[in-house]
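The following note is intended for a colleague who has the coordinates open.

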Amino acid sequence: MSEFKQADHKLLVIPGPIEFSDPVLLANATPGTAHTSPAFIPIFGESIKLLRKVLLSKEESQSQPILIAGSGTLGWDAVGANLVERGDEVVVLNTGYFGDSFAECLEIYGAKVNQVKAEVGNVPTDESIIEALATKPKIITITHVDTSTGVLSPAAHIASLVKKHSPETLIVLDAVCSVASEDIKFDEWGLDVVISATQKGLGVPPGLSVVLASKRAVEASENRKTPQQGYYISWKKWIPIMKNYEAGKPSYFATPPVQLIYALHTALKSITAKPISERIEAHKAASKYVKDELTALGLDFVPKSRDIAANGMTAVRFPQGLKAPDVLPKLAERDIVVAAGLHKAIVTEYFRIGHMGVTAVDRQRGDLEKVINGIKEVLGKK
């Protein structure tokens with residue numbers, strides 16, 4: 001394994017996919033292996049267990065990890081198909097593009113969606129959340145990090161408001177851009193569903209939908225009055241598969257992406273080799289470095305304040321008079337790939353830098369310094 005080295009390439013620092021470590025990429029090149037192979041079964045089973053560890057959920061809480069082929073977006077469908085019945089009230093806390101999209105997805109499954117929208121770069125007020133909870137909705141969704149704005153929602157605080165004002169409401173955290181880069185305490189916060197993907201903080205190539213469901217969420221799915229509104233995404237189909245693999249028994253509903261699960265297992269083993277808190281602190285330190293350096297260049301950010309700014313990415317406004325074509329291609333010439341704006345209200349006003357995974361935790365790579373130096377050169381500040 002130590003002899004493998006990935007090919008030279010431009011530094012990828014968008015909000016996902018991110019840079020991948022050599023061991024993860026090597027695991028992703030595992031030879032053809034049957035999903036029922038005695039070699040694969042313990043890899044899949046341990047990956048399921050390790051996901052709980054990353055999200056700080058104990059096995060005795062009976063939370064259920066679900067790992068299936070698909071993107072992070074498939075997690076929205078999982079919520080809609082398994083938890084929403086037509087006419088159910090759902091509150092979507094909206095901090096950007098991905099709140100809009102989650103709401104659209106749930107409406108397709110028949111949810112009556114009440115979007116609580118924040119101004120661009122901010123989070124919804126406590127008062128607006130409490131008001132929305134007055135109807136005792138079945139579900140509330142929180143976009144932990146909306147990559148269109150770089151805003152980090154205070155998920156623990158919001159969960160506490162839900163527990164106080166509408167305790168029966170299921171709490172769904174869209175954590176596609178926050179798992180393994182931001183604080184998430186599944187059991188302690190009383191979360192019901194976390195949805196994520198592999199290509200961001202987990203540091204694995206894209207292709208796996210990552211879900212953790214609470215016992216309460218699973219029971220809500222089982223006790224619904226109408227049939228689940230999906231086949232491939234049905235928890236009724238997948239949960240027995242997950243339980244069997246975790247118990248060391250082969251099982252089949254649809255073929256899992258074997259090589260990706262080997263890659264995920266390698267990443268999870270590395271992540272959990274140290275306390276998850278150390279990894280989160282490394283992301284906070286990386287974020288502080290990037291934002292401090294950009295502030296020193298006179299640049300401003302989309303989030304209204306640092307305390308609601310993501311630690312795994314930075315949404316930074318262009319200097320006066322500059323747009324994406326003035327900056328992004330010149331960074332690419334320096335082998336640095338950042339992302340353009342996404343939020344339609346400000347799409348031409350900013351760009352986005354990802355600093356998750358190995359870029360944040362392995363500072364000897366020099367990724368962050370390369371990005372900052374590149375920006376300085378492009379802006380004529382060096």
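1. Annotated region. UniProt, in an unreviewed entry, lists residues 66-350 as "domain: Aminotransferase class V"; its positions are given in the numbering used here, the feature name is shortened, and such annotations may be inferred rather than shown by experiment. Over residues 66-350 the chain is 39% helix and 18% strand, with the end C-alpha atoms 35 Å apart. Helices (H or I, at least four residues) and strands (E, at least two) are DSSP runs numbered from the N terminus.

2. Basis of the note. The model is predicted: local features need pLDDT of at least 70 and side-chain atom pairs count only at pLDDT 80 or more, whereas totals for chains, interfaces and linings use all residues. Residues are numbered from 1 along each chain as its sequence is written, and side-chain values use heavy atoms, with hydrogens and water left out.

3. Domain division. The chain is divided into domain 1 (11-18 + 275-379) and domain 2 (22-272), the bounds coming from an automatic or database domain assignment. Between the C-alpha centres of domain 1 and domain 2 the separation is 26 Å.

4. Extent of the interface. In domain 1, 27 residues are in contact with 28 residues of domain 2, contact meaning heavy atoms within 4.5 Å. The two domains bury about 2300 Å² between them, 63% of it on carbon and sulfur atoms; buried area is the accessible area (1.4 Å probe) that two parts lose on being put together, summed over both. Ile276, Ile308 and His343 supply 23% of the area that domain 1 buries against domain 2, more than any other three residues.

5. Polar links and composition. Between domain 1 and domain 2 there are 12 residue pairs in polar contact, both residues at pLDDT 80 or more. A polar contact is a pair of N or O atoms within 3.5 Å; within protein, one must be able to donate a hydrogen and the other to accept it, and residues adjacent in sequence count only if both atoms are side-chain atoms. On the side of domain 1 that touches domain 2, two or more residues each come from helix 11 (276-296), strand 11 (313-317) and strand 14 (350-354). Helix 11 gives the most, with 5 residues. By class, this side of domain 1 has 17 nonpolar, 6 polar and 4 charged residues.

6. Salt bridges. The count is 21 salt bridges, each defined as a side-chain nitrogen of Lys or Arg within 4 Å of a carboxyl oxygen of Asp or Glu. Between domain 1 and domain 2 the count is 2. The side chains of Glu119 and Lys304 form a salt bridge at 3.9 Å, N to O. Lys10 and Asp335 are likewise joined by a salt bridge, at 3.2 Å, N to O. Lys10 lies in the segment before strand 1 (11-12) and Asp335 in the loop between helix 12 (324-333) and strand 12 (336-337), so this pair ties together parts that are 325 residues apart in sequence.

7. Backbone details. Most residues other than glycine have a negative phi, and most peptide bonds are trans. Asp335 has a positive phi of about 65° although it is not a glycine. Lys136, in the loop between helix 5 (126-133) and strand 5 (139-143), has a positive phi of about 55°. A cis peptide bond, with omega about 0°, joins Gly16 and Pro17; Pro17 is in the loop between strand 1 and helix 1 (22-28).

Methods
Nonpolar A, V, L, I, M, F, W, Y, C, P; charged D, E, K, R; others polar.
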